[in-house]
Amino acid sequence: MDELHDYELADPKKIRRRTIIKEVTVNALATLFYAITSYVFILGNDFAPSGFSGILAIIEKVKDIEHASLVLLAMNVPLLVLSYFKLPKRFAVYTAMNVLLMCGCFYFLGLIDKAGSFKFNTLLTAADGTPVLVDGNTVSDFGKKLFCSLISGVCSGIAIALTFRNTGSLGGVDIIVMLIQRKKPYANVSILLIAVNIVVIIAGCFVFDTESICFAVIYIIVFSKVSEYILSGTKSALKFEVVTDKPDELSAVLIEELGHSVTVMRATGMFRHEEKYLLICVIRPRQIADFEKILKKYPDSFAFASPVSEVFGVFFK
């Protein structure tokens, strides 16, 4: 108890315990969501997405899912050991938990679903429901396959972003990225990710048909955009910086019509050495048209904008 201010201080141990419970729960649910959606929409549908999940799909095409999950676990073991010594311990423990849970889920699904009835069927069928054969081989429905690449990209992006936001990952390429960022904070890891994805896609072409390239690329685009959106935050905004000689009048209009406050600083125009004012205003993207209408009433003002990924604290007036 803080006797001076008469309020009870939070117990750091309780806060830490609640944080760990919340992070473990979210990591476990996100991993299960990833494993189940990958099994349903990726495995058995003849395309290899990015990273280790693409390798799993390739192995599953040649072998059964039980063997593929064990191979995936074996591939992650050296990376997990390395992450324990090179990365934060909590990240390493959560990632190991996620990898074990994911591989166990794949293995269990393979045992109980020998016929593949849980998987989304992308085969092209006739009116009576029988698969269409071309030269004696079954043919995939392009629309259904496209749906699988889109929905699996969305689900994977959500799952991986949630694990990252809760101090974990799904292993594989994620660990490699974290190790490189730890060693070289300014390294361009996107080049590595692109290289790994290209290798996986090319390897998939030797197992699947050439359409796998298109669906894998679609998956990667959707997956990267969804995960980036979640990791960057959903509270996107625009920051306008306005140079004007009427700060009070313009600020009052912006506050009244847009509902956001304005920060004012003195500035000097170096071309004519005139005293000006710099107004900083953060608005929602949908308010940009209203902002431009207001600014047109002040032709002597000059403004430029920059994107803001997320806004914290008090945003509205």
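**Close-up views of a predicted model**

Across the whole structure, a search identifies seven aromatic pairs.

**View A. Phe 41 and Phe 120 form a tilted aromatic pair.** The ring centres are 6.0 Å apart, and the planes make an angle of 40°. Phe 41 belongs to helix 1, whereas Phe 120 sits in the loop between helix 4 (89–112) and strand 1 (133–134), so the pair ties together parts 79 residues apart in sequence. Phe 41 is buried, its relative accessible area being 15%. Phe 120, with a relative accessible area of 28%, is partly exposed.

**View B. Phe 120 also pairs with Phe 147 in a tilted arrangement.** Here the centre-to-centre distance is 5.4 Å and the planes are 45° apart. The pair links distant parts of the chain, 27 residues apart: Phe 120 in the loop between helix 4 and strand 1, and Phe 147 in helix 5 (residues 142–165). Phe 147 is partly exposed, at 38% relative accessibility.

**View D. A patch of positive charge lies on the surface.** Lys 13, Lys 14, Arg 17 and Arg 18 gather in this patch. Lys 14 is located in helix 1 (residues 12–41). The relative accessible area of Lys 14 is 45%, which means that this residue counts as partly exposed.

Notes:
Residues are numbered from 1 along each chain as its sequence is written. This is a predicted model: local features need pLDDT of at least 70, side-chain atom pairs count only at pLDDT 80 or more; totals for chains, interfaces and linings use all residues. Side-chain values use heavy atoms; hydrogens and water are left out. Patches are made of residues with over 30% relative accessible area and no salt bridge: like charges are joined within 9 Å, nonpolar side chains (Val, Leu, Ile, Met, Phe, Trp, Tyr) within 5 Å. Accessible areas come from the Shrake-Rupley method with a 1.4 Å probe; for residues, only the protein chains shown count as cover. A salt bridge is a side-chain nitrogen of Lys or Arg within 4 Å of a carboxyl oxygen of Asp or Glu. Lys and Arg count as positive and Asp and Glu as negative; His and the chain ends are not counted. The place of a charge is taken as NZ of Lys, CZ of Arg, CG of Asp or CD of Glu. Helices (H or I, at least four residues) and strands (E, at least two) are DSSP runs, numbered from the N terminus. Buried means under 20% relative accessible area, exposed over 50%, partly exposed in between (1.4 Å probe, protein chains only). Rings of Phe, Tyr and Trp (its six-membered ring) pair if their centres lie within 6.5 Å; planes under 30 degrees apart count as stacked, over 60 as edge-to-face and the rest as tilted.
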